[in-house]
Amino acid sequence: MKLWRVRYRTPDRRQTDKRGFRTKREAEDFLATVEVAKMRGEWVDPTRSKVTVEEWSVAWFSAQVQLKPTTLSGYRHALDKHVLPRWGRVRLLDVTHADVQAWVTGLSTTLGPSATRQTYLVLSGVLKFAVRDGRLPRNPCEDVRLPRLTKHRRGYLSHLQVAELSSELGENGDVVRFLAYTGLRWGEMAALRVGRVDLARRRLSVDEAVSEPRGSLVWGTPKTHERRSVPFPALLVDPLAQRCAGKSRDDLVFSGADGGVLRGSNFRARFFAAAVQRVRERDTDFPRITPHDLRHTAASLAVSAGANVKAVQRMLGHASAAMTLDVYADLFDDDLDAVAAALDDHTHAEVVGISWAAGPLPGITRERGQRKTPG
């Protein structure tokens, strides 16, 4: 059987060819698509897309220099646990949209919506990197249907509940009070040094954080890379003074039994979880929380004390006030009621004694044939 071969030039003027076409028409159609792709700047060298996903993921992962260690650790876990076992030996050009959709659908039956999305984003990032490098014409992960995220009700503590949990933890109770009234992340608290605590002004300088991806301590900047000054209430002055007593400026304020970093995983397993369970046995309304939920409590207590969204954003170290509103929109529901009440107050103050049911306000008339305005 006679086969046809197409010889053409790549955009960089190199001559190449592709063979194996059964008819002249097939060869001509292929050549036409090549020329169109070259004109649109979409042409991809087929030899460069034959690399496997596993081989290309090495280049992608090493390029993620902008990410925090904890994020990189999550990506590494997703690659090793879910992405590479399924796609590692598949060539980039053989990854199809339908296969990716089937894979995501299967993941959603064993993983939660958030974990499924995070795993999908890792594969999508690998293939997007291939598109940018000219190895794929498009990302087959685009427009894949993902499971819907479900919002869980947060466990906000009241002042009384904070005091109760703090008392239950005994000598470690100041950790609960500190997190609940400052809103610091665990890594920010664990990295706080004595020299960054101003007891006179009641201010904390947050410019460092420590994380423990896969058990290894990694020091760096706070999550948003933004240093910030955080106020704290007078009730924390004495506990912080006791923590700082006898230490140098570079010593950690909160430290473990060995004097090293107070690790969140150890604290939760050894002290926090058991204390929460004991409180819940006495009070069934007490929420089931983690140390990170105390950050949410800080936001709740600040809002209930009258703090506006901009103040809460600065305290928590969010990148923007819009992010704070997205995360804690439920805390500002009462503001909507306050808006309605304020409108009522102003209305009654300016149109005292006028009944809305009595007709148009004095001095307001409507011409014959004129449309009524809303309201």
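Student: What do the side chains of R91 and D94 meet in, and how far apart are they, N to O?

Tutor: Happy to take you through it. This is a predicted model, in which local features need pLDDT of at least 70, side-chain atom pairs count only at pLDDT 80 or more, and totals for chains, interfaces and linings use all residues. Residues are numbered from 1 along each chain as its sequence is written, and side-chain values use heavy atoms, with hydrogens and water left out.

The side chains of R91 and D94 meet in a salt bridge, at 2.9 Å from N to O. The term stands for a side-chain nitrogen of Lys or Arg within 4 Å of a carboxyl oxygen of Asp or Glu. By that rule the model holds 16 salt bridges. In general, side chains of opposite charge can pair when their charged atoms come close.

How open are the two partners? With a relative accessible area of 32%, R91 is partly exposed, and D94, with 34%, is partly exposed too. The cut-offs are under 20% relative accessible area for buried and over 50% for exposed, with partly exposed in between, using a 1.4 Å probe and protein chains only.

Another pair, R263 and E212, forms a salt bridge whose closest N and O atoms are 3.4 Å apart. That pair links distant parts of the chain, 51 residues apart: R263 sits in the loop between helix 9 and helix 10 (264-282), while E212 sits in the loop between strand 5 (209-211) and strand 6 (218-220). Helices here are DSSP runs of H or I with at least four residues, strands are runs of E with at least two, and both are numbered from the N terminus. R263 counts as partly exposed because its relative accessibility is 25%, and E212 is partly exposed at 25% as well. There is also a network: salt bridges that share partners join E164, E168, R278 and R282.

A local counterpart is found in helix 1 (residues 24-40), where R25 and D29 lie four residues apart, about one turn of the helix. Their side chains meet in a salt bridge at 3.4 Å, N to O. An α-helix has 3.6 residues a turn, so residues three or four places apart point the same way. R25 counts as exposed because its relative accessibility is 59%, whereas D29 is partly exposed, with a relative accessible area of 40%.

In helix 2 (residues 53-62) the buried residues are V53, W56, S57 and W60. They cover an arc of only 110° around the axis, which puts them on the same side of helix 2; the arc is that of the directions from the helix axis to the C-beta atoms. These buried residues pack against helix 3 (69-87) and helix 5 (113-132), where contact means heavy atoms within 4.5 Å. The face of helix 2 turned away from its buried side carries the exposed residues V58 and S62.

D238 counts as exposed because its relative accessibility is 54%. D238 and D174 are 64 residues apart in sequence, and 9.9 Å apart in space, C-alpha to C-alpha.
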